[in-house]
Amino acid sequence: VIPDGAAWEETISERFFPQEVTVPSGSFVSWVNEDDLTHTITSGKKAGYGMYEFLQDGVFNSGDLVEGDSFTFHFSEPGRYEYFCIPHPWMHAVVIVK
């Protein structure tokens with residue numbers, strides 16, 4: 001879930017809820033935008049240049065999700081899948097697939 005107010009650091013500690021989730025290989029994970037701002041679910045890793053700079057890795061990208069929109073991705077391979085929001089890169093989390 002992308003909770004209401006997720007983009008603003010002073011209002012919420014977990015931008016994506018949960019911040020980390022572990023699922024078995026073959027699982028589908030869905031996100032729902034409950035915020036009134038547009039967000040993305042974009043896979044990628046920290047670029048290392050700055051605290052909130054991420055580079056897309058091309059595994060998944062929801063495109064723009066407005067309030068009420070959802071995005072589902074099928075995790076067929078084990079691994080650690082970090083993701084972030086393009087317009088609000090301080091919003092980031094991880095899916096661990098076992």
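This is a predicted model: local features need pLDDT of at least 70, side-chain atom pairs count only at pLDDT 80 or more; totals for chains, interfaces and linings use all residues.
Local features require pLDDT of at least 70, side-chain atom pairs count only at pLDDT 80 or more, and totals for chains, interfaces and linings use all residues. Residues are numbered from 1 along each chain as its sequence is written, and side-chain values use heavy atoms, with hydrogens and water left out.

**Exercise 1.** Classify the pair formed by W31 and Y83.

*Solution.* Rings of Phe, Tyr and Trp (its six-membered ring) pair if their centres lie within 6.5 Å; planes under 30 degrees apart are stacked, over 60 edge-to-face, and the rest tilted. The structure holds 12 such pairs. For W31 and Y83 the centres are 5.3 Å apart and the planes stand at 75°, so the pair is edge-to-face. W31 belongs to strand β2 (residues 27–32) and Y83 to strand β6 (residues 79–84), 52 residues apart; strands are DSSP runs (E, at least two residues), numbered from the N terminus.

**Exercise 2.** Classify the pair formed by F54 and F84, and state whether F54 is buried or exposed.

*Solution.* With 5.0 Å from centre to centre and 20° between the planes, F54 and F84 are stacked. Because F54 lies in strand β4 (residues 54–61) and F84 in strand β6, the pair ties together parts 30 residues apart in sequence. Buried means under 20% relative accessible area, exposed over 50%, and partly exposed in between (1.4 Å probe, protein chains only). F54, at 14% relative accessibility, is therefore buried.

**Exercise 3.** How exposed is V1?

*Solution.* V1 has 34% relative accessibility and therefore counts as partly exposed.

How values were computed: Helices (H or I, at least four residues) and strands (E, at least two) are DSSP runs, numbered from the N terminus.
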